[in-house]
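Hi,

Here is the structure I promised to pass on. Please have a look when you get a minute.

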Amino acid sequence: MKYLSILNKTQYKAVTTIDRPTMVIAGAGSGKTRVLIYRLIHLIKSGVKSRNILALTFTKKSANEMKYRLSSLIDKNELDQIYIGTFHSIFAKLLRKNSDLIGYKKNYIIYDRYDSEKIIKKIIKNLNLDKKIYRSKYLLDKISMIKNHYFNERNLYITNIYANYKKYCYQNGIMDFDDILLYTNILFNKNPEILKKYQEYFKYILIDEYQDTNYSQYRIIKLLSLKHNNIFVVGDDSQSIYSFRGANINNILNFKKDYKNAVIIRLEQNYRSTKYIVDVSNQIISLNKRKIDKKLWTNNKIGKKIKLYKAFSSFEESDFVANTIDQLKKKKKLKYSDFGVLYRTNAQSRSLEESFIKKKIPYNIYGSISFYKRKEIKDLIAYFRLIVNINDEESLIRIINYPKRGIGEVTLKKIFFLSKQNDKRIFEILKNINNYKSIINRDQKILDNISNFCNKILFFNKRLDEDAFILSKEISESFGLLEEIKKDKIKQGIDNVEEFLNSISTFVEDKKKIKNEEISLNAYLESLYLDLDLDYKFNNLTKESVSLMTIHLSKGLEFPIIFIIGLEEKIFPSILSISSQLEIEEERRLFYVALTRAKEDIFLTFSKNRYKWGKIVPTICSRFVKEIDKKYIKYIKNDLNHKKFDDTSLLGSYTNNLKEGMIVYSNSFGRGKIIKIEGQIITVYFNNIGEKKILNTKLKIIY
DNA sequence: TCAGTATGGCTTTTT
DNA sequence: GCCATACTGA
């Protein structure tokens with residue numbers, strides 16, 4: 001078969017073993033994605049109907065990537081029929097079709113973590129619990145764990161909160177991410193005939209990143225594959241980095257037990273990286289105790305040593321990254337897109353951004369502060385949600401509580417009270433507000449405002465089958481959303497809303513091309529959370545640019561040159577993982593993932609001092625750096641003479657030891673160089689602005 | 001009812 | 001240092 005000629009022997013076996021359960025243990029860079037892609041093609045060429053194939057991925061990014069790569073290799077009609085998507089996306093759609101069987105109304109909406117946290121906070125408040133002891137984030141994690149292992153609800157101390165949360169979600173027609181998987185399980189368990197239907201339908205099941213599946217996902221797959229026993233999973237235990245989300249490494253370890261006649265294929269040849277990179281990665285991962293024995297090897301050239309750079313401050317670290325990229329690009333004729341900068345936490349992207357802007361280097365930040373977390377967008381989404389589902393009180397409150405809508409705290413409190421007293425939904429009360437006139441005791445104008453508001457919502461609620469774009473545009477006009485933003489004079493806000501509406505238009509156009517695809521507002525909301533890779537839609541991503549992202553997001557990607565920044569104790573490994581051996585091992589796997597993204601060159605950086613919550617804190621170099629055998633490392637000399645600074649002078653305050661020639665940062669003027677110091681008054685030269693006299697307390701030292 | 005001010009928590013990681 | 005919330009006085 002000619003199209004398979006690009007595969008090596010083991011890859012070929014992985015692609016063509018299509019008659020029994022198959023697990024591929026695929027080391028980093030061993031051609032895992034290629035195997036998945038060609039297996040799909042092979043299935044179709046072997047006569048399997050594309051609509052009988054289910055391909056599940058872990059992130060939206062890889063789902064979209066897979067679709068993209070397939071689009072040039074197979075016929076578009078075939079592609080559109082394959083079920084490719086994340087677990088959440090695929091099963092949310094399946095659930096929507098069968099929502100009556102799990103007791104949910106069809107119009108339920110999906111809440112993300114931010115939304116869920118708000119509910120938890122509300123519950124803690126209602127139960128009169130101390131929010132310092134009952135931390136919403138922690139509780140949410142616990143609830144998530146329970147839902148994903150729902151056969152044992154045993155953590156008693158949170159069951160009350162859990163019960164309340166469950167009830168709230170149900171009453172408001174809300175599902176969170178975990179519910180999607182949970183209710184899929186419930187649906188299959190309670191309705192054998194439905195399960196049978198889908199077992200029949202999904203004859204071939206492929207799963208990417210199997211090591212990251214949790215119990216809930218494992219159960220779903222197990223149930224679905226029971227009939228045809230034809231399941232194909234790809235994974236790498238060394239790259240398991242989602243145990244905080246309940247990922248269970250045993251799913252990989254038990255595969256042979258779980259599936260009769262299973263074949264296990266190992267891909268150990270790395271095609272991506274140089275020998276140095278493969279060796280360093282092997283050395284690092286070998287320090288973990290819990291792992292499947294395997295060794296990655298490569299025939300690639302030896303390559304170069306890993307570079308290590310010690311910076312003075314986080315700002316200087318970012319400058320180093322930007323400068324190095326700038327120089328390397330010129331010297332070696334590289335493209336900006338050849339560089340990837342990886343970090344442990346999203347917050348670290350900020351100072352990078354500054355340095356890139358200064359150096360005029362184009363960059364893309366992936367998955368940072370999501371577009372739809374911006375205020376205007378959240379407002380708009382709240383309208384959409386309420387119109388789709390008038391029981392969504394969280395959204396209702398967000399909208400109605402908006403300043404200048406003429407309904408204040410007092411009135412709202414009365415309305416909440418009425419809702420509780422009469423056991424009615426808030427929207428019910430608002431709709432019939434005139435019946436409660438005597439209790440609300442407000443002038444008729446406010447009551448009329450409320451009725452008008454309800455009527456508008458209901459007006460749109462009746463038109464939910466219409467085109468999402470037309471409807472959303474009308475909604476934003478009808479409620480004067482753009483005018484509201486204009487009043488606040490936030491230009492950015494208007495742009496955001498317009499961009500957002502444009503994206504709905506694109507969504508509708510795309511869906512119209514595929515028959516039977518939903519174009520309703522509800523379908524858009526679902527896609528917004530589960531399918532759309534917002535990075536591309538909203539961040540104005542350009543192709544020729546440096547990629548900035550968390551290591552978690554980088555999984556599956558590769559770059560010729562990789563920077564891994566912030567290699568400091570308490571950051572990487574994270575302070576929250578430091579106390580447990582198991583979690584340290586997960587952090588180490590994360591480091592392994594980061595290292596194996598690189599094809600040719602790796603730069604590791606850490607900083608002696610780091611800004612944290614506005615203060616400079618001295619740091620300690622990460623243990624992971626120390627674990628690397630010195631023979632692999634090349635230290636990069638730091639041009640700056642750091643001897644004149646000592647760490648203690650910077651602790652706590654950041655202006656004590658200003659000296660002439662220092663590079664400093666001012667909130668109003670940006671970066672500048674100190675020219676003269678006269679007591680408290682500092683003269684600073686700023687690029688494009690010139691000299692300014694500034695109070696020393698207003699300045700931060702960069703280096 | 002609302003603008004202005006004080007406080008406290010926050011930085012894991014993703015669907 | 002920034003954001004969301006809670007509190008305060010007009």
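Below is what turned up in it.

This is a predicted model, with local features needing pLDDT of at least 70 and side-chain atom pairs counting only at pLDDT 80 or more, while totals for chains, interfaces and linings use all residues. Residues are numbered from 1 along each chain as its sequence is written, chains are lettered from A and ligands numbered from 1 in the order in which they are written, and side-chain values use heavy atoms, leaving out hydrogens and water.

Let's start with Phe87, which sits in helix 5 (residues 87–97); helices here are DSSP runs of H or I, at least four residues, and strands are E runs of at least two, numbered from the N terminus. Phe87 counts as buried because its relative accessibility is 1% (buried is under 20% relative accessible area, exposed over 50%, partly exposed in between, with a 1.4 Å probe and protein chains only). Leaving aside residues up to four places away in sequence, Phe87 touches Leu56, Thr57, Leu181, Ile207, Thr213, Gln217 and Ile221, where contact means heavy atoms within 4.5 Å. Its C-alpha is 8.7 Å from that of Thr59, 28 residues away along the chain.

Asn128, in the loop between helix 6 and helix 7, has a positive phi near 60° without being a glycine, and at 70% relative accessibility it counts as exposed. Asn229 also isn't a glycine, yet its phi is positive at about 50°; this one is in the loop between helix 11 (215–225) and strand 7 (231–235), and counts as partly exposed at 25% relative accessibility. Finally, the Phe572 to Pro573 peptide bond is cis, omega near 10°.

Cheers
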